[in-house]
Amino acid sequence: MALVVAFSFGFTDEPQHAPLTLDYIHYHVNDAQAARKFFIGHFQAHPLAKPDKNPLPFVEYLEIRPGQASVAISPRGPFPGLNMQDPARWRRTPVRMSASTPPAYGVHWLALRTENLKLALQSLDKQGVKIAAAGAQVPGEPHAKAAVVWGPEFTRILIIQRGHEKRQETLYGIDHLLILVENLAENARFFEEVYDGEVLKKDDYFCKMRVGGHVLVLAVPMAAGIPNDIVQTPDSTQFRPGIEDLGFLYANPEPAYQAAAVKGYAFSLRPSRLIYRSKPTPYVKAVTRAPAGVYCEMYAEDGRTALRNQYQNQNTVMGNKK
């Protein structure tokens with residue numbers, strides 16, 4: 001029998017509903033090692049350290065730019081030894097991905113900004129990264145300089161040039177996530193009400209939001225130049241490699257969970273400590289799902305209230321509580 005340890009911290013008069021930050025963008029893939037090499041080799045990502053006590057060994061965290069969410073990479077579940085997981089979630093048949101596989105609702109691309117799009121594409125091409133579209137339609141930005149390249153297992157990565165990126169400290173940085181949605185209002189309301197999202201710009205076709213210090217762009221397909229009739233609805237019986245989870249960091253996720261539950265939002269896991277190989281881990285999380293199908297996690301890690309910024313094999317701890 002799986003051991004579930006639930007935490008109930010109690011609802012306070014002044015609860016912390018907003019996440020501290022978007023902590024990680026989680027890729028579930030068939031070949032985690034190849035995905036790791038892709039981000040390290042082509043985008044100069046740095047592996048990040050994990051807690052000392054009983055961390056989950058099947059997830060790796062990579063930093064593309066300091067001060068931003070990490071890219072988490074793991075194989076798809078189920079994960080041996082992890083008691084707290086949804087078995088039905090992993091009873092899915094893998095989809096054989098290719099350049100011609102139709103897009104689906106959910107995270108469509110991870111956008112990385114750079115100071116010179118032309119040079120970036122030339123460099124990536126020389127490294128063997130395939131360009132999917134030399135020009136891209138970015139919702140709400142008709143004059144954006146952007147292109148799409150193929151990431152791990154035919155996931156999409158948008159490269160976008162920003163004028164303020166000159167003399168940036170790294171070659172690339174996270175710009176935004178594009179989430180394709182069927183119902184724009186419903187998805188925008190979810191991120192506003194559950195994760196305290198702030199609307200930055202919107203019209204009838206897209207909504208640009210800041211959530212946990214990062215930008216999410218919710219858009220109907222036509223706003224990104226994609227015909228609505230080719231976009232597939234997420235199929236619970238199929239596994240498509242890609243960004244499946246967004247992890248939002250909290251000092252304590254219980255108040256935010258309570259507030260969302262009162263509003264009628266359903267959770268597949270309420271705030272609970274994860275148990276790995278019969279021992280408690282440093283992680284507490286609650287799991288819900290956006291209408292577009294993206295799993296969203298209210299997440300806490302013992303002793304940490306800021307983004308990961310300690311690299312593997314680094315002795316000093318920076319920004320983390322000791």
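The conversation below turns to the sheet, a strand residue, the salt bridges and the cysteines.

Visitor: Before the details, what kind of model is this?
Guide: It is a predicted model.

Visitor: Then the open sheet: how many strands, and in what order?
Guide: The open sheet has eight strands, ordered β8-β9-β10-β7-β11-β14-β13-β12, and the pairing is mixed. At its edges are β8 (131-133) and β12 (198-202), each of which pairs on one side only. From one strand to the next, the twist averages 30°.

Visitor: In which sense do β9 and β10 pair?
Guide: Strand β9 (residues 145-150) and strand β10 (residues 156-161) are antiparallel, with six bridges between them. Within this pairing, A146 is opposite I160 of β10.

Visitor: Which strands does α1 lie across?
Guide: Helix α1 lies across β7, β9 and β10, and its direction is at about 15° to β10.

Visitor: And α3, what does that helix touch?
Guide: Helix α3 (residues 184-195) packs on the sheet and touches β11 (173-180), β12, β13 (206-211) and β14 (214-219). The direction of α3 makes about 10° with that of β13.

Visitor: Now a single residue. Where is H108 placed?
Guide: H108 is in strand β7, which covers residues 106-114.

Visitor: Is H108 buried or exposed?
Guide: H108 counts as buried, because its relative accessibility is 9%, and the cut-off for buried is under 20%.

Visitor: Which residues does H108 touch?
Guide: Leaving aside residues up to four places away in sequence, H108 touches P103, R156, L178, I179, L180 and I226.

Visitor: Changing topic: how many salt bridges does the structure hold?
Guide: The structure holds 15 salt bridges. Side chains of opposite charge can pair when their charged atoms come close.

Visitor: What is the partner of E60?
Guide: E60 forms a salt bridge with R36, and the closest N and O atoms are 2.8 Å apart. E60 lies in strand β4 (residues 60-63) and R36 in helix α1 (residues 32-43), so this pair ties together parts that are 24 residues apart in sequence. E60 counts as buried, at 19% relative accessibility.

Visitor: And what does E254 pair with?
Guide: The side chain of E254 meets that of R270 in a salt bridge, at 3.0 Å from N to O. This pair links distant parts of the chain, with E254 in helix α4 (residues 254-262) and R270 in strand β17 (residues 267-276), 16 residues apart.

Visitor: How accessible are these two, E254 and R270?
Guide: E254 counts as buried at 0% relative accessibility, whereas R270 is partly exposed, with a relative accessible area of 31%.

Visitor: Which residues are linked in a network of salt bridges?
Guide: D23, E301, R304 and R308 are linked in such a network. Within it, R304 forms a salt bridge with E301, with the closest N and O atoms 3.1 Å apart. R304 is buried, with a relative accessible area of 3%, and E301 also counts as buried, at 9% relative accessibility.

Visitor: Last topic, the cysteines. How many disulfides does the structure hold?
Guide: The structure holds zero disulfides.

Visitor: Are C207 and C296 buried or exposed?
Guide: C207 counts as buried, at 3% relative accessibility. C296 counts as buried as well, at 0%.

Technical notes. Residues numbered from 1 in each chain as written. Predicted model: local features only at pLDDT ≥ 70, side-chain atom pairs only at ≥ 80, totals over all residues. Heavy atoms only, no water. Helix = DSSP H or I, 4+ residues; strand = E, 2+ residues; numbered from the N terminus. Buried < 20%, exposed > 50% of the residue type's maximum accessible area, 1.4 Å probe, protein only. Contact = heavy atoms within 4.5 Å. Salt bridge = Lys/Arg side-chain N within 4 Å of Asp/Glu carboxyl O. Disulfide = S-S within 2.5 Å. Pairing = 2+ DSSP bridges. Axes fitted to C-alpha atoms, helices over the stretch in contact; angles between N-to-C directions.
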